[in-house]
Amino acid sequence: MQMMIAPQRCSRTFLFLVALILGIFLFTASRLHAPSIPQSLLHFGFGTSHGTKALDVIQLNNGLVPVEPTTDQEKPKASKCSNPEIEHLRRQELALTESIVYTRRCIKLLRGAPDRDAVTNVSRSLITNKLTLNLDACSRVDLQPCDYLPLVVPPAYPDKDYRHLMFGVASKFDRLQSSLPSFAHWLSGSGAQLIVIVADANERGRDLNLSDLEEEYRRWGINATFMPPNPKDIGSKNDGSQREIPVEHHHFLVIRELVTAATPDTKWLGIVDDDTFFPSLFPLDAELARHDYTQRAWLGALSDDFSSIRVWGIMAFGGAGVFLSVPLAQAIAPLSEQCISEAATPSGDGILRDCIYAHTGTKLTVVPGLHQHDFRGDPSGFYESGGDGFEKSWYRAPLAAMASVTGVCGSCFLQRWRFGTNTILSNGYSVVQYADDILDTLDLSRVEFTWDDPVPNGHDYDFSYGPLRPPLGRDQKKSYRLVDVSVVDADGEQNGGGWAGRWRGKKKFRQLYIYRGKTGEEDDDGNNEASDDDDENKKPIMDEVIELLWDF
């Protein structure tokens, strides 16, 4: 009997060890192949010089919202004092002063059809119940119940399949990495395809893995295809070697790749820059639907700066997005190298214009709502005017964070409300308090001229924005700029990241608008920043935070 029992025990032990090893192998494999978003790319610039933050994202209807990481390894280190109601304000990346002036309002959404272009007057104040918080103190903070404020807003944009849209871009590898969060906002989960020429993919001495970059884009829900340049004749020297082709030429050559990739479902081919940004594809698609995609069509926008038009002429400026019908693209794609050699200008937009004019009878159709912002400096005048549709070439602005509110209330992004006598909310961009009696004297239908003017007292933006009003001084307006957005539970607990399917229950959308007190100085974009000098006359003052919580 003893002889029989020993082999049974060995067998059981052996089976247990096999099962254990197999379980460890399967668990490890699942972790290695899980479609987690690579942290090396999750950096949203929030328009300050205090650094950026590695973030996960969730999909909120047709928009992506950066939120806190989920795993213990990814979570920021907890502060020494745990206070759930203000813990989100202690995050290091917000770079707030030790003490802050804090106020919180909850927005109750009343679905309706407000006049999107009007400034809605609300008799109640937006900023109430100011509280001074010491973020380093361990004492318990009991915030008053959130004061609800009803606002009439449009519905969120509906979910839609945009596989009939295809976009093409030419850029360098590093810029394509940094542009991923911006692309994700308007492309993730849309069904639209992105065709990318990586201009430096064949550069000697660099090992650029296009497959890995393509996979990273797909993890963010973007249907992207990356490829090296294929310039053919224009890239050949007499000795048969290849010469470097400017990115601007690839910007035009991507049309050929778009035509090759087009399917019977494809209606419009969009040529964009790596910094082109759309708040949502829904209104863009609605505008494109007004045009006949079965005919040769060329859609786009001029530069907002008339001086750029004087230099480059009448054409569709690529930063705003250029859209070709498939029949037009098919007509010029075989002529790519010929059009580059014949063009009067080296820019991709100029080559496209010259090619279309020389070889087709198609004329440019200017599409309202598309903008190429050819200005530098403080863009607040535009964003606080109620406008929409833009690209971000020449200034810093956290566009993906700003436009995330489209997932809550669609076209309410940059919608304006006036509260009481002196405060205006430009949704997703700023809360501005005006000095006494100033607001009633302003023509809010005019754009404030806040950005740098290359031509003093010039009028080069009047044709696109209308007559402008002069900028206000820093003693006349106080601006709280959007710095951070996230999604939180109904009880106020901030959630971890993930895709929309993982979210259950009622949620709130949080916006943090911050006035940088410190020395009261401003950077080139009009944001208040700390000074690096040690002037004792510049005493630090507290940052001020307005937190808005939107029910959805």
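The points below go through this predicted model, from overall figures to single residues.

1. Overall make-up. The chain holds 14 helices and 25 strands. Of its 552 residues, 54% are buried. Among contacts between residues at least 6 apart in sequence, 74% join residues at least 24 apart. The accessible surface comes to about 25,800 Å², and carbon and sulfur atoms account for 51% of it.

2. Confidence. Mean pLDDT for the chain is 79, with 73% of residues at 70 or more.

3. Nonpolar cores. The largest nonpolar core has 82 residues, and F167, Y217 and W550 have the most contacts inside it. A second, separate core has 32 residues, including F252, L328, I332 and A343. In soluble globular proteins, nonpolar side chains tend to be buried together.

4. Helix α4, buried side. In α4 (residues 210-219) the buried residues are L210, L213, E216 and Y217. They lie on the same side of α4, because the arc they cover around the axis is only 120°. An α-helix has 3.6 residues a turn, so residues three or four places apart point the same way.

5. Helix α4, ends. N209 caps the N-terminal end of α4, with a side-chain oxygen 3.1 Å from the backbone nitrogen of S211. After α4 comes G221, which has a positive phi near 85°.

6. W220. This residue is in the loop between α4 and β11. W220 counts as buried because its relative accessibility is 0%. The C-alpha atoms of W220 and L187 are 9.1 Å apart, while the two residues are 33 apart in sequence.

7. T423. Strand β19 (residues 423-426) contains T423. With a relative accessibility of 5%, T423 counts as buried. Its side chain makes a polar contact of 3.1 Å with the side chain of N422. Leaving aside neighbours within four places in sequence, T423 is in contact with L126, W417, R418, V431, V432, Q433 and L439.

8. N129 is not a glycine, yet has a positive phi of about 50°. N129 lies in the loop between β6 (119-122) and β7 (131-134), and is partly exposed, with a relative accessible area of 46%. L414, also a residue other than glycine, has a positive phi near 70°. L414 lies in the loop between α13 (406-409) and β18 (416-419). Relative accessibility is 0% for L414, which therefore counts as buried.

Notes:
Residues numbered from 1 in each chain as written. Predicted model: local features only at pLDDT ≥ 70, side-chain atom pairs only at ≥ 80, totals over all residues. Heavy atoms only, no water. Helix = DSSP H or I, 4+ residues; strand = E, 2+ residues; numbered from the N terminus. Buried < 20%, exposed > 50% of the residue type's maximum accessible area, 1.4 Å probe, protein only. Contact = heavy atoms within 4.5 Å. Areas by Shrake-Rupley, 256 points an atom, 1.4 Å probe, with all protein chains shown as cover. Arc of directions from axis to C-beta. Polar contact = N/O pair within 3.5 Å; in protein donor to acceptor, adjacent residues only side chain to side chain. pLDDT = per-residue confidence, 0-100. Core = buried A, V, L, I, M, F, W, Y, C linked by side-chain atoms within 4.5 Å.
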